[in-house]
Amino acid sequence: MAEQAERNPARTTVVVVTWRGREHVGGCLDALAAQDRPHRTLVVDNASDDGTADLLAAHPSRPRVLRLGRNLGYAGGLAVALSHVDTPWVAWLNDDAAPEPGWLGALEDALDADPRVAAAGSLLLRADGSVQSAGVRLTPDGHGADLPEPPPGGEPFGFCGGAVLMRVDALRAVGGVPADFFCYYEDTDTAWRLRLAGRRIVTVPAARVGHRHGASTHPGSTQFHLWNERNRLLTLLRCAPAEVAARELTRFAVITALLPARRALGREVPDARNFRVSLRLRVLGEVLARLPETLSARRRIGRRRVVGRGAVWHRWAGR
């Protein structure tokens, strides 16, 4: 067994971040144990209090576990894990995801095929077999939106962070993971920085992953919308051309200010939580509170880039 491990050394550390994942993380670890490529598994337990720690300790795959003292979210957990990764490649995998046996092999083959590829994304599937994400596109207003099918040529703007393989050196070179995002848009922000660094990103249709989307979070909840709206604006301030970032921040503020008047005049307002004034004011407050550090991060990202912000925007926005 030791001889076989020496012949086939693990090149990938698969990082699974979990929080109160007792009901589903076991299925994720079972699927990882069935992979046809050697790898290391590192589970970051975000201070779960539901018995997750006991399940991880008892799982037959015996993953390495980092148990945190408090919940740092998905982004925070990934950031902590990165300093513990000593393989050349790292995979991010949601704790409610179950990759097919050939998943890791297909992703590793994609990185082997082209050294310019910094990230290889997966095909994430819902329980009924339909596609949840085949990569991420960049919308004209700066949202990262899931693609329903692989793009022509297999190259999207970005990847879904629920199941992706990256080169560790490329990830570290662009500044790692935005830990303070907590949850959502850490993948779009990372993909954007890789694009600014001139790196390629691909979707690998053969890398198939069943995904119980929302098992750990609650899409549509107030917290979900808070993270999404805030982190989209932070990503734009960090990565987009200045005029785009300023335009979208101004648009968000103006819409927020006009919502009470629209309601008072009886005009139609979407019934989603992200159109509630209280939530939008929280978003603006958090973005403004983080503005000094965000602009500092923007300068750091600018110093690392080899492709212009405008060139990336015009190449990918709206596709």
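How much space lies in the largest cavity? About 40 Å³, and a search of the whole structure finds one cavity of 30 Å³ or more. A cavity here is a set of points, on a 1 Å grid over the protein atoms alone, where a 1.4 Å probe fits but cannot get out; the volume is the space filled by probe spheres set on the points, which are joined across faces, edges and corners.

Before you click further, this is a predicted model, with local features needing pLDDT of at least 70, side-chain atom pairs pLDDT 80 or more, and totals for chains, interfaces and linings using all residues. Numbering starts from 1 along each chain as its sequence is written, and side-chain values use heavy atoms, without hydrogens or water.

Now select Val-174, Arg-193, Leu-196, Ala-197, Ile-301, Arg-304 and Arg-305: they line the largest cavity (an atom within 4 Å of a point). The lining divides into four nonpolar, no polar and three charged residues.

On α11, pick Leu-291, Thr-294, Ala-297, Arg-298 and Ile-301, which touch α8 (heavy atoms within 4.5 Å).

Last stop: β11 (residues 200–211). Strand β6 (residues 117–125) pairs with β11 in the parallel sense over seven bridges (pairing takes at least two DSSP bridges). Find Leu-124, whose bridge partner in β11 is Val-209.

Terms used:
On a 1 Å grid over the protein atoms alone, a cavity is a set of points where a 1.4 Å probe fits but cannot get out, and a pocket is an open set with protein on both sides within 12 Å along at least five of seven lines; lining residues have an atom within 4 Å of a point. Ala, Val, Leu, Ile, Met, Phe, Trp, Tyr, Cys and Pro count as nonpolar, Asp, Glu, Lys and Arg as charged, and the others, Gly among them, as polar. Helices (H or I, at least four residues) and strands (E, at least two) are DSSP runs, numbered from the N terminus.
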